[in-house]
Amino acid sequence: MSYPRIEADTTPLTRRPAPPRPPEPAEPKRRRRGGKFAGVTLLLLALPVIALTGLRAAGFDQQKHAAAAIALTPYALPAAALLAVLTLLFRRWLLAIVLVLCTVLLAFIVLPRAFVKARPIAVGAQVRVLSVNLLFGRADPAFVVNLVRNTKADVLSLQELTPESVTALAQAGLDQELPFRVLEPAAGAAGTGIASRHPLSRIVLGRPPAPGAFAQPAALVNLPGPRSLEIMAVHPRIPVGPEGADPWLRDLGTLPEPRTEGPARVLAGDFNATLDHSPLRRLLGQGYLDAADQAGAGLTPTWPGVGAGLIPPPVTLDHVLVDQRCPVDRFDVFEIPGSDHRAILATLTVPSAGP
């Protein structure tokens, strides 16, 4: 009996593919606090602060809108600090880093103005320099004269001095308090003058004024003893006028450099500039000291005063600049009825003129 031959199946076995694994569930994306709305809001709030910090760091104030913005630099510091905290809380790390850097830079620039500086050692005559912007001559003349009398001001710088205000101040008794004068009154804001308790004579300081510039007279004040003081009444045009910042830059560019020997030199008035504007920083770099900054009052605003029609953020536009030989003993600010500026009074020590 024979059996059928069974041949072995030599076909290679193929491995059946394993069934596909189900996809692992994706980890839920961590959502930032506040979502997109918070991120966009923080960015929109931060951009002006970052831009202003950049303008101030670059010293770009040759355009009138930039010059107006740079005047607000002290306000950018608390804004940058607050936004830095918020961006950290909302985990916007890149924006937070930028704002922290802005805060550090602005703090380095702004905060020293609030601290009294070391007083140089000097022996001499104490002189009180008062500066008043009369707002087209509308400031209360009796109040101005009483302020001169009560503060015992030795030298008075008057801006926006009109012919009518000269008469009104004389009738209020200014001539009795400060009998020596170098005045250049004019209509509107163009007039300026100097009045003194001590004899004075007109001198010429700085470069010739630019066409259309306001008066900026200078005088030599003969103080008691072997001392004298050169003073210039400062009032450049505003940087935000129809012609832009060019007239303002030209006017500030005509101001004289400080002296290192001979009579001490003082510039007093409405500079229409803050300590953040490059023309004023240039003067400080040449050797002048800002009296308010030396006394720890560099953040005290001087405009707008009680007579201002609009209420913009208060800024510091009025200054008394002295050379490094004159220690600043005191700095005061006063409201003036009828004026849009506050008056400033710097008490400083004027040393002997030397050789």
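This is a predicted model: local features need pLDDT of at least 70, side-chain atom pairs count only at pLDDT 80 or more; totals for chains, interfaces and linings use all residues.
1. On the α3 side, the contacts involve Thr73, Pro74, Ala76, Leu77, Ala80, Ala81, Leu83, Ala84, Thr87 and Leu88. They meet a set of α4 residues that includes Trp93, Leu95, Ala96, Leu99, Val100, Cys102 and Leu106.

2. How do these two helices lie relative to each other? Helix α3 covers residues 73–89 and helix α4 covers residues 93–110, and their axes come within 8 Å, crossing at roughly 150°. Angles over 145 degrees count as roughly antiparallel, so that is the label for α3 and α4. The crossing of the pair is left-handed.

3. Cys102 is buried, with a relative accessible area of 7%. Cys326 is buried too, at 1%. If you are wondering about disulfides, the count for the model is zero; the rule asks for a pair of cysteine sulfur atoms within 2.5 Å.

4. On to charged side chains: the whole structure holds 15 salt bridges. One of them joins Arg197 and Asp154, with the closest N and O atoms 3.9 Å apart; the cut-off is 4 Å. This pair links distant parts of the chain, 43 residues apart. Arg197 sits in the loop between β4 (192–196) and β5 (200–203), while Asp154 sits in the loop between α5 (141–151) and β2 (155–159).

5. Are the two partners buried or exposed? Arg197 is partly exposed, at 28% relative accessibility, whereas Asp154 is buried, at 8%. Both also belong to a network of salt bridges that links Arg149, Asp154, Glu177 and Arg197.

6. Another salt bridge to find on your screen is Arg259 with Glu230, where the closest N and O atoms are 2.8 Å apart. Arg259 counts as partly exposed at 26% relative accessibility, while Glu230 is buried, with a relative accessible area of 7%.

7. Finally, have a look at Glu335 and Arg342, whose side chains meet in a salt bridge at 3.3 Å, N to O. Glu335 counts as partly exposed, at 35% relative accessibility.

How values were computed: Residues are numbered from 1 along each chain as its sequence is written. Side-chain values use heavy atoms; hydrogens and water are left out. Buried means under 20% relative accessible area, exposed over 50%, partly exposed in between (1.4 Å probe, protein chains only). Helices (H or I, at least four residues) and strands (E, at least two) are DSSP runs, numbered from the N terminus. Axes are lines fitted to C-alpha atoms, for helices over the stretch in contact, and angles run from 0 to 180 degrees between N-to-C directions. Angles under 35 degrees count as roughly parallel, over 145 as roughly antiparallel, 65 to 115 as roughly perpendicular and the rest as oblique. A crossing is left-handed if the near helix is turned anticlockwise from the far one by less than a right angle, and right-handed if clockwise. Contact means heavy atoms within 4.5 Å.
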